[in-house]
Amino acid sequence: MAAAQGQFSDHSNGTEETDGTEGDSVPSAFRLAVEALRTARPRPEIEIDPTPPPKRLAPYAYALEAAVVDGDEDLADGRLVLLHDPAGHDTWQGTFRLVTLVRAELEPEMAADPLLPEVCWSWLTGALEARGLSYGEASGTVTRAGSHYFGGLAERRPATQIEIRASWTPRESLGGVPDSAAHLTAWCDLLCQVAGLPPVSPGAVPGTADAATGAGVVSLPQRRGPQVS
């Protein structure tokens, strides 16, 4: 993970600042939450980098994009955005909010499962709960879309993509800072599960021999993954 690069938006003064040039107006709680994201350790199969954050969702925002990579192939990709409004937000029921997009391409027979949307949503909530994380106001959508090819593209197999869009409010500590690193780790668990990788033990160190565990978890098979657009 890139630990010293990236951008976050500070819209209290209408500017966007990069690492090393943040103004003193950025709240300390947001600084600490962003630093935790920058220093978290994802699984080795995940390539993760900062990306420009949205500019109108909250006074302060920081964003990451990630892909689950197998050789030259992306099995799944996604984006995670940390939002902060020091004044609080009625809809969030808190001052922080996490927003995500996760997507992967499925084999047609898997996409035909009528329970697939419910299963994918349970992976998100299950990933948070497996890490012992407290959260609230979770909402989102699970969408599957199919593509059939014609004419000059007729030789391509039909493709189906699953897309999870979600947001939730991470519970804050007594200091007003959520455990953003743990939420990022849980999000990476979701990304890997959508990609069809075996799960890891919540207490395991990424990349170690005891990390992989398959107990009690249903995952999708490996698939062709979309590129981040």
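The legends below describe close-up views of a predicted model. In this predicted model, local features need pLDDT of at least 70 and side-chain atom pairs count only at pLDDT 80 or more, whereas totals for chains, interfaces and linings use all residues. Residues are numbered from 1 along each chain as its sequence is written, and side-chain values use heavy atoms, with hydrogens and water left out.

**View 1. Confidence along the chain.** pLDDT is the predictor's confidence in each residue, from 0 to 100. Its mean over the chain is 79, and 75% of residues reach 70 or more. Helices (H or I, at least four residues) and strands (E, at least two) are DSSP runs, numbered from the N terminus.

View 2. Contact means heavy atoms within 4.5 Å. Residues 1-22 stay under 50 in pLDDT, and the model gives them 65 contacts beyond four places in sequence. Residues 205-229 also stay under 50, with 77 such contacts.

**View 3. Helix α4 (residues 180-195).** The expected span of a helix is 1.5 Å times one less than its number of residues. For the 16 residues of α4 this gives 22 Å, which agrees with the 22 Å between its end C-alpha atoms. Of these 16 residues, 15 are buried (under 20% relative accessible area; exposed is over 50%, partly exposed in between; 1.4 Å probe, protein chains only). Just after α4, G196 has a positive phi of about 95°.

View 4. A disulfide is a pair of cysteine sulfur atoms within 2.5 Å, and the structure holds 0 of them. C188 is in no disulfide; its nearest cysteine sulfur, that of C192, is 6.7 Å away. C188 counts as buried because its relative accessibility is 4%. C120 is also buried, at 0%.
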